[in-house]
Structures are given as C-alpha cells and as structure tokens.
Amino acid sequence: MTMNNETVLDKLQYLLGTLRDGERGFADAAEHATDTSLKTLFLERSTQRRQLASEVEAHITRLGDKPREGGSVGAALHRTWLNVRDAVTGRGDYQVVAECERGEDVAVENYQDVLKEADLPADIRSFVETQFAQVKASHDQIRDMKHSMEANK
C-alpha cells in the first residue's frame, strides 16, 4: 500500500527545506572561504541545491500543494549559532569545510529518512533516490576534502 498524498507532500516539503538550507549554507561557505577553488566549489553546490529544490517544488506543485517558503528552523538556529561563534573566533577554510560536512551529514540523513518509508510511491522513490545520489556524492567529496585537509595540517 502506498502512502497518502498528504504524507508524500510532507516528505517532499521536508526535503525542500533541507535543500534550501543547503543552498544558503553553501552560499555562506563560499563567502567565508579564502581559497578560490573552495569558493567555486561551494557556489556550484549552492546552485546544485537550488536546482534540486526546483525539481522538488515541481513535484509538490504536480501533487496539488504549494511549496513552503524558507528552510528548516533547526538550520536557521544552527546558522545563527555559527555566526555568533564566527564573530568571536573567525573562520578558516578547514572550519568552513568541516561545517559543510556537518550540513551534508544532515542532508544525507534527511534523504535516508525519506527513503526508509516502505510505502513511498515508486515514482517519488525513484526521484528521491536520484537526488540522494547527488547529495551523497557531494557529501563524500566534502568529507574526503576535510580528511585531506586534516592530514596536511
């Protein structure tokens, strides 16, 4: 039995908030990174998340709902805490990459949470799996980058 339309929409809205948080988080990381290759990577990831969010919005609209504005409350609180911390301690490229990895950890977990739903309709599952592969690849690249930076300290 597949889940009802309202539950599917809730799951898509959840992912939409995750993607918007990622878009803003990567844009913020690009502002704070000093290495130009990191700035470029983070801007590309911000654009990627905007594109993925647009795809989710299209599914939400197709299913008869309106995409919610903004990201998640938790992410907004996390960004606020980071801004306070940064005002006191400053931020280097390693710390920016580490924060991006933390954000990517959350994105991966959120996609996995949605994919755990056994009764997710097949078309939505396929769509979410396709997006998850992109989010997971981004996560893994940033994780590996962080580990490489740790090894070179």
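Predicted model: local features only at pLDDT ≥ 70, side-chain atom pairs only at ≥ 80, totals over all residues.
Residues are numbered from 1 along each chain as its sequence is written. Local features need pLDDT of at least 70, and side-chain atom pairs count only at pLDDT 80 or more, while totals for chains, interfaces and linings use all residues, and side-chain values use heavy atoms, leaving out hydrogens and water.

Start with helix α1, residues 5-32 (helices are DSSP runs of H or I, at least four residues, numbered from the N terminus). Its 28 residues should span 40 Å at 1.5 Å a residue, and the end C-alpha atoms sit 41 Å apart, which agrees; the expected span is 1.5 Å times one less than the number of residues. Asparagine 4 caps the N-terminal end of α1, with a side-chain oxygen 3.1 Å from the backbone nitrogen of glutamate 6.

Now for the packing. Axes are lines fitted to C-alpha atoms over the stretch in contact, with angles from 0 to 180 degrees between N-to-C directions.

| Pair | Axes come within | Crossing angle |
|---|---|---|
| α1 and α2 | 8 Å | roughly 160° |
| α2 and α4 | 12 Å | roughly 20° |

Angles over 145 degrees count as roughly antiparallel and those under 35 as roughly parallel. So α1 and α2 are roughly antiparallel to each other, and α2 and α4 are roughly parallel.

Which residues make the contact of α2 with α4? Leu38, Phe42 and Arg49 come from α2, and Asp93, Val96, Val97, Cys100, Glu104 and Ala107 from α4 (contact means heavy atoms within 4.5 Å).

Definitions and conventions. Helix = DSSP H or I, 4+ residues; strand = E, 2+ residues; numbered from the N terminus. Polar contact = N/O pair within 3.5 Å; in protein donor to acceptor, adjacent residues only side chain to side chain. Parallel < 35°, antiparallel > 145°, perpendicular 65-115°, else oblique.
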